[in-house]
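Here is a short report for a reader new to this structure. Please look over the sequence and the model first.

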Amino acid sequence: MNRPASPPAADRADGSPVRIGALAPLTRPGWAQAGHHLLAGLELAVSEVNDAGGIVGRPLELVVRDTAADPQRAAAAVDELAGLGVAAVAGEYHSVVARAAAARADAVGLPFLCSSAVLDTLTDQPTDWVARLSPPQSRGWQVYADFLLGAGHTRIAVATQPSVYWASGTRILRDHLAPRGGTVIELDMSALTPTSVCDALVRHRATALLLLVGHPEPAVPIVRSVRRDQRLAEIMIGAPAGQPEFAEWATLLGDDGAGIPFLRYLPERFSPLGARVGAALRDQLAEAPSFVAFEGYDAVAVLADVLRSHGPDRRRMAESWACVAVEGTRGQIQFTRTPGISVWQWAGPPVQVVDRDPAEPDRFRILRTV
């Protein structure tokens with residue numbers, strides 16, 4: 001890789017902090033609750049690293065920047081963090097934002113460990129500067145498509161908005177379902193209201209509606225409209241992007257928000273490490289931690305391991321992704337080159353399809369796991 005090394009100050013052994021940048025959507029229009037869960041995981045891991053002696057005696061310091069779901073803001077934050085001398089950057093929830101951050105990190109030669117974004121094409125060209133913990137969208141959404149088929153759904157409507165992420169999800173679903181007898185019907189939410197969505201579902205004889213739209217608008221009004229339409233009493237509502245994972249969903253929708261399957265990246269059973277971290281995150285957040293919080297914790301665990309083994313030089317860090325073997329909260333983390341994926345990819349993150357139990361909306365039911 002023909003990139004400048006880290007600033008000389010990064011190699012100091014005088015006890016000054018080793019700094020890593022953190023990107024998260026902490027304000028609207030970003031999905032702020034997801035961002036706060038991500039930050040909680042990052043902060044807990046940094047605290048534990050420092051309690052255990054830091055990075056060869058130097059404290060680990062998190063430099064946080066709010067992306068607010070804005071790709072340009074994220075790219076600017078990467079430039080700023082690079083100028084501040086961080087050794088690496090971690091985080092980001094929104095796929096389109098992470099894509100902008102990854103492109104900029106590749107351009108300036110700054111290691112970026114993407115914790116949570118799933119868009120397959122994080123960068124246009126293969127790069128050694130970027131690695132990712134979350135599964136690529138193609139893997140998770142194919143699991144979701146198989147779940148739909150297994151539940152008997154072959155006429156599937158998707159309520160969607162203009163976005164690279166939603167368009168990619170629609171394409172993955174269509175490509176996977178079509179050879180297996182499934183049909184995907186697109187409902188453009190820039191032209192429809194929540195009420196007219198109901199009419200379209202009846203007209204197309206859909207048995208499932210997937211929410212490929214923003215939260216809370218228009219996802220919440222769509223759910224309310226469909227739940228109240230007696231013609232659609234038997235339709236399944238799904239949300240592969242994970243909207244029902246967060247407590248805000250249950251707060252806004254109550255019982256209407258239950259029974260809506262979504263993708264979650266947690267194991268069926270936690271290891272002792274995962275259980276301990278989960279309990280600590282619950283205390284920190286004062287609510288059940290989402291999978292995003294665990295992704296944040298694992299991102300720092302990986303970067304801390306790389307820093308201890310290879311030091312804070314950016315080039316050496318980026319060259320070390322292939323050597324990573326870290327016990328994470330959700331399994332053993334190792335990065336590989338995956339066909340069709342331009343970044344270093346953890347090939348083994350768990351994938352679940354879950355929903356909120358209609359009998360007890362604060363409880364999650366595991367419907368499928370791989």
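## A hairpin, aromatic pairs and a helix

Strands β15 and β16 form a hairpin, with two residues between them. Strands here are DSSP runs (E, at least two residues) and helices are DSSP runs (H or I, at least four), numbered from the N terminus. This is a predicted model: local features need pLDDT of at least 70, side-chain atom pairs count only at pLDDT 80 or more, and totals for chains, interfaces and linings use all residues. Residues are numbered from 1 along each chain as its sequence is written, and side-chain values use heavy atoms, with hydrogens and water left out.

β15 covers residues 352-357 and β16 residues 360-369; they pair in the antiparallel sense over six bridges. Two strands pair if DSSP finds at least two bridges between them. Gln 352 has Thr 369 of β16 as its bridge partner.

**Aromatic pairs**

The structure holds 10 aromatic pairs. Rings of Phe, Tyr and Trp (its six-membered ring) pair if their centres lie within 6.5 Å; planes under 30 degrees apart count as stacked, over 60 as edge-to-face and the rest as tilted. Two of the pairs are set out here.

| Pair | Centre to centre | Angle between planes | Class |
|---|---|---|---|
| Tyr 265 and Phe 291 | 5.2 Å | 75 degrees | edge-to-face |
| Trp 321 and Phe 335 | 5.7 Å | 80 degrees | edge-to-face |

Tyr 265 lies in the loop between β10 (262-264) and α9 (272-285), and Phe 291 in helix α10 (residues 291-310), so their pair ties together parts 26 residues apart in sequence. Tyr 265 is buried, at 5% relative accessible area. Phe 291 is buried too, at 3%. Buried means under 20% relative accessible area, exposed over 50%, and partly exposed in between (1.4 Å probe, protein chains only).

Trp 321 sits in the loop between α11 (314-318) and β11 (326-328), and Phe 335 in strand β13 (residues 335-337), so this pair ties together parts 14 residues apart in sequence. Both Trp 321 and Phe 335 are buried.

Ring pairs also link Trp 31, Tyr 93 and Phe 246 into a cluster.

**Helix α5**

Helix α5 (residues 164-177) has 14 residues, which should span 20 Å at 1.5 Å a residue; its end C-alpha atoms are 20 Å apart, which agrees. The expected span is 1.5 Å times one less than the number of residues. Among the buried residues of α5 are Tyr 165, Trp 166 and His 176. The buried residues of α5 pack against α3 (95-108), α4 (137-150), β6 (155-160), β7 (183-188) and β8 (208-212), where contact means heavy atoms within 4.5 Å.
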